[in-house]
Amino acid sequence: MKQLAFDVVVVGGGPAGLAAAVTAAEQGKHVALLDDNARLGGQIWRSGTSAPDSREARYWVERTARANVQVIAGARVFSAGSECVEAETDAGLQQIRFAGLVLATGARELFLPFPGWTLPNVMGAGGLQALAKGGLPVAGKRIVLAGTGPLLLAVAAYLSKHGAEVVCICEQAAWPSLAAFGLATLRFPGKAREAMALRYRSRGAKYWTASWPIAALGKERVEAVAISRNGQEREVACDYLGCGFHLIPNTELAQMLGCRIEEGFVATNEFQETSQRGIYCAGEPTGIGGMELSVAEGRIAGYAAAGEREKAKQFFGVRARYRKIAQAMRSAFQLRPELAKLAKADTLLCRCEDVPFERVQKYDSWKAAKLHTRCGMGPCQGRVCGSAAKFLLGWDVEWNRPPVFPVRCASLAEMESGNTEWETGICEADC
Ligand SMILES: Cc1cc2nc3c(=O)[nH]c(=O)nc-3n(C[C@H](O)[C@H](O)[C@H](O)COP(=O)(O)OP(=O)(O)OC[C@H]3O[C@@H](n4cnc5c(N)ncnc54)[C@H](O)[C@@H]3O)c2cc1C
């Protein structure tokens, strides 16, 4: 096991993590930035195999290099304690000590089960976009996008640009909610322009409100999707179905560290410090609010972790402004109760361990269901089925012990043996 030490360790290389790492490093701190992808950028600036194509992404990645942030890419943090995190990399296990820690682990899509959702070519909307960015050819493919939230529009625009035929976007929210959200974004001309540009770029796709998937149909792979639209059922032929029922925060590491969670999000003070001293959190784990909010929170966390609280205050205004968008999104894209009724008795809830909904339903808590059925014990470690169970059954789903991701047995054995190989000269600080 390799052991490294830094003043500030940032987990997550999306907008929030990049901003936090750069800010702390520019204050003279030795900073490590860990991300489980091969390249920095997080979800919005994911660039597949090439350099990031957005100007903003390039700005932050280049600034990261200039600020001498030590980037540890392909590092999946699966365990965290009050003094160090453990990450698995291709080069083996790394234990990384910190004086200050910033969690910028982002969010993931919420998937909800419905008949046929495990058919090949049914996937997350953002997941489909990520595959396309990684080289999946989508030109000429008929694609249905369904679920809720602005991500559907962003994905539709991206796929259309790359030659896909996006047949329709099924948004579960009704027009009045969307209209209220539209009015709220008018206070942010940049956001309103962005939304209009996305819709223009995906203008070939029909935009259906109060619509959601009730079944994916097909033998070997998805061939069509049955949609409920304004109370009527209709079938739409497709090659891919991308579904995402808005975003849910990645709070597993924060939970493991004992940080207080409020209404599903990591609670922080005005300096983005969690209920655990020296542990900060920025970006989507504290609220789903888009890239600008993530960057503002990252800047504040970076300054605060570097001990520069006065300087952090300059970003309070912009954070407050963009938090209004987060609130508007929250109320506009609330999930309707009908979605909790889509899974049938034999619909798989846990797709890693093949556990149907009826087996899980018999229990009265996530813990009991897990112990008796093995749901949540597969490769996703409950990220998909646990989050779905929370919505369908109203259960508390907690992550409070490692590993938060599956890891090699060799890594766990190495942790146990305490067989360490010190890397010197990385950090001058007494950490
Ligand atoms: C699938 C998906 C696609 C999206 N696509 C778009 C889009 O096209 N346009 C748009 O405007 N918004 C998009 N968003 C929303 C966008 O993510 C946010 O607006 C914003 O960029 C969030 O920034 P962040 O830094 O908080 O998190 P993220 O950008 O999510 O960055 C978090 C990073 O942390 C990494 N990470 C998490 N846990 C660990 C761990 N334990 N160890 C190591 N690394 C870890 C993640 O892999 C990720 O790279 C998308 C969101 C998702 C979930």
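Biologist: In which sense do β12 and strand β13 pair, and over how many bridges?

Modeller: The model is a predicted one. Strands of a sheet pair through backbone hydrogen bonds, either parallel or antiparallel. Within this pairing, Ala 216 stands opposite Val 225 in β13. Strand β13 covers residues 224-229, and its pairing with β12 is antiparallel, over six bridges.

Biologist: Which strands stand at the edges of the open sheet, and why is one side of each left without a neighbour?

Modeller: The open sheet is formed by three strands in the order β12-β13-β14, with antiparallel pairing. Each edge strand has a single partner strand, so one side of it has no neighbour in the sheet. Neighbouring strands of this sheet are turned against each other by 30° on average, direction ignored. The strands at the edges are β12 (211-217) and β14 (232-237).

Biologist: Which element gives the most to the lining of the second largest pocket?

Modeller: The second largest pocket holds about 1200 Å³ of space, and 39 residues line it. Elements that give two or more residues to this lining include β16 (247-249), α8 (291-305) and α10 (316-332). With five residues, the element that gives the most is α10.

Biologist: How many nonpolar, polar and charged residues does the lining of the second largest pocket have?

Modeller: Among the residues that lie nearest the centre of the pocket are Pro 249, Phe 265 and Arg 330. Pro and Phe count as nonpolar, whereas Arg counts as charged. By class, the lining has 18 nonpolar, twelve polar and nine charged residues.

Note on methods. Residues are numbered from 1 along each chain as its sequence is written. This is a predicted model: local features need pLDDT of at least 70, side-chain atom pairs count only at pLDDT 80 or more; totals for chains, interfaces and linings use all residues. Side-chain values use heavy atoms; hydrogens and water are left out. Two strands pair if DSSP finds at least two bridges between them. Helices (H or I, at least four residues) and strands (E, at least two) are DSSP runs, numbered from the N terminus. Axes are lines fitted to C-alpha atoms, for helices over the stretch in contact, and angles run from 0 to 180 degrees between N-to-C directions. On a 1 Å grid over the protein atoms alone, a cavity is a set of points where a 1.4 Å probe fits but cannot get out, and a pocket is an open set with protein on both sides within 12 Å along at least five of seven lines; lining residues have an atom within 4 Å of a point. Grid points are joined across faces, edges and corners, and a volume is the space filled by probe spheres set on the points.
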